[in-house]
Amino acid sequence: MTWKKIAEKSEISAGKGKAFKIDGKQIAIFNQDGYHALDDLCVHQDGSISSGKIDGDIVECPLHFWHYNFKTGELKDYIKDVKLQTYPVEIKEDGIYVDF
Ligand code: FES
């Protein structure tokens with residue numbers, strides 16, 4: 001695992017998520033109750049969850065409204081025991097870093 005700078009601190013508005021491409025992967029970072037990073041790939045039909053509506057710790061996939069806990073990666077409906085990969089996030093002086 002390697003820490004990589006992925007964004008400037010001001011880049012992700014409070015209460016929102018944003019998609020980033022790094023090393024051929026697309027990840028979503030959410031700025032809600034701290035910063036949280038996970039794969040930006042809905043298991044239903046590969047939608048991007050980063051622009052989904054946030055309610056508490058839950059983000060709703062904008063395509064067909066499946067729900068994920070963005071802190072744990074856990075899918076909250078339809079299929080049991082499905083989790084998106086999550087990644088540690090650290091806020092440093094010069095930006096937001098994610099450990100891949
Ligand atoms: S692609 Fe996410 S709910 Fe369908």
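Lys5 is partly exposed because 13 other C-beta atoms lie within 10 Å; a residue is called buried with 20 or more other C-beta atoms within 10 Å of its own, exposed with 12 or fewer, and partly exposed in between, the C-beta atoms being placed from the backbone. This is a predicted model, in which local features need pLDDT of at least 70 and side-chain atom pairs count only at pLDDT 80 or more, while totals for chains, interfaces and linings use all residues. Residues are numbered from 1 along each chain as its sequence is written.

Lys5 belongs to strand β1. Strands (E, at least two residues) and helices (H or I, at least four) are DSSP runs, numbered from the N terminus. Leaving aside residues up to four places away in sequence, Lys5 touches Gly95 and Tyr97; contact requires C-beta atoms, placed from the backbone, within 7 Å. Tyr97 is also the bridge partner of Lys5 in β10. Trp66, by comparison, is 61 residues from Lys5 in sequence and 29 Å from Lys5 in space, C-alpha to C-alpha.

## The three-stranded sheet

Strand β1 takes part in an open sheet of 3 strands, with the order β1-β10-β9 and antiparallel pairing. Two strands pair if DSSP finds at least two bridges between them. The edge strands, each pairing on one side only, are β1 (3-7) and β9 (89-92). On average, neighbouring strands of this sheet are turned by 35° against each other, direction ignored; the axes are lines fitted to C-alpha atoms (for helices, over the stretch in contact), and angles between N-to-C directions run from 0 to 180 degrees.

Strand β10 (residues 95-99) runs antiparallel to β1 and is joined to β1 by 4 bridges. Between β9 and β10, also antiparallel, there are 4 bridges. A hairpin connects β9 to β10 through 2 residues, and Lys92 stands opposite Gly95 in β10.

## The nonpolar core

In soluble globular proteins, nonpolar side chains tend to be buried together. Here the largest nonpolar core has 21 residues, and Ile27, Ile29, Ala37 and Leu38 have the most contacts inside it. Such a core is a set of buried Ala, Val, Leu, Ile, Met, Phe, Trp, Tyr and Cys residues joined through C-beta atoms within 7 Å.

At least two residues of this core come from each of β3 (25-31), β4 (35-39) and β10. Strand β3 supplies the largest share, 4 residues. Residues touched by Ala37, not counting those up to four places away in sequence, are Ile27, Ile29, Thr86, Tyr87, Val89 and Val98.

Definitions and conventions:
Two residues are in contact if their C-beta atoms, placed from the backbone, lie within 7 Å.
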